[in-house]
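Work through the exercises below with the sequence and the 3D view at hand. Try each task before reading its solution.

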Amino acid sequence: PPPPQRVSFAPEEEPRHRADSAKPVIVAERGRRAESSVASTEVAKLSRAMSGQLDANHRVAREGAMLKQGGGTSLFGRKNWLARYFVLRGDRSLVYYKDRKSYLAGAEPLKNARFDVEACRREIVDTDGGGVRVVITDTASGKALTLSGSRPDPNNEFEGWIEVLGAT
């Protein structure tokens with residue numbers, strides 16, 4: 001048989017904008033359309049996610065924004081509260097990102113922090129103002145993560161987190 005033919009289809013007119021010049025050139029072999037590797041990778045990820053074929057490490061049990069207390073490593077030991085986007089994975093590991101946009105973009109979790117929820121001590125702490133916080137402490141390393149719900153919390157999202165984390 002003859003070798004496969006590779007045909008390139010270029011744009012018919014000059015690009016009007018710089019962004020238009022970055023369009024991929026479509027390559028065909030014997031009438032079969034070949035997708036760009038980036039597009040095919042994204043399609044594969046979406047199809048796996050939609051078909052439920054993700055392993056336990058990548059399934060998401062719960063995700064959403066909470067407030068995280070800072071470590072207080074500055075000269076004055078401040079422990080500011082920062083909004084972070086948390087993801088509880090199917091393997092019961094809790095990770096967090098700067099925001100939802102970073103998570104969706106595929107960024108690495110902040111500080112590569114990963115808390116194995118089952119191996120951590122989880123407790124509910126009442127605050128002076130009548131609020132509730134959850135403290136998750138990794139018993140092996142001694143690292144603690146103090147979480148609070150955003151205020152106002154009209155949908156009681158934080159109560160859902162307390163339940164799914166199994167804090168007592």
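**Exercise 1.** Leaving aside neighbours within four places in sequence, find the residues in contact with Asp 138, and describe the charge surroundings of Asp 138.

Solution. Step 1: contact means heavy atoms within 4.5 Å. With neighbours within four places in sequence left aside, Asp 138 is in contact with Phe 115, Cys 120 and Lys 143.

Before going on, note the basis of the values: the model is predicted, local features need pLDDT of at least 70, side-chain atom pairs count only at pLDDT 80 or more, and totals for chains, interfaces and linings use all residues. Residues are numbered from 1 along each chain as its sequence is written, and side-chain values use heavy atoms, with hydrogens and water left out.

Step 1: Asp 138 lies in strand β9, residues 132-138; strands are DSSP runs of E with at least two residues, and helices are runs of H or I with at least four, numbered from the N terminus.

Step 2: look for a partner of opposite charge. Asp 138 is buried but has no salt bridge, and the nearest side chain of opposite charge, Lys 143, is 6.7 Å away. Buried means under 20% relative accessible area (1.4 Å probe, protein chains only). A salt bridge needs a side-chain nitrogen of Lys or Arg within 4 Å of a carboxyl oxygen of Asp or Glu.

**Exercise 2.** Which strands make up the open sheet, and in what order?

Solution. Step 1: two strands pair if DSSP finds at least two bridges between them. Strands of a sheet pair through backbone hydrogen bonds, either parallel or antiparallel.

Step 1: read off the order. Seven strands form the open sheet, β7-β6-β5-β4-β10-β9-β8, with antiparallel pairing. The edge strands, β7 (115-116) and β8, each pair on one side only.

Step 2: examine one pair. Seven bridges join β8 (residues 120-126) to β9. Arg 122 stands opposite Ile 136 in β9, and Glu 123 stands opposite Val 135. The hairpin of β8 and β9 has five residues between the strands, and Gly 130 there takes a positive phi near 90°.

**Exercise 3.** Which residues of helix α3 are buried, and what covers them?

Solution. Step 1: in α3 (residues 157-165), the buried residues are Phe 158, Gly 160, Trp 161, Ile 162 and Leu 165.

Step 1: their cover includes β4 (60-69), β5 (81-89), β6 (93-97), β8, β9 and β10 (144-148).

Step 2: after the helix comes Gly 166, with a positive phi near 75°.

Terms used
Buried means under 20% relative accessible area, exposed over 50%, partly exposed in between (1.4 Å probe, protein chains only). Lys and Arg count as positive and Asp and Glu as negative; His and the chain ends are not counted.
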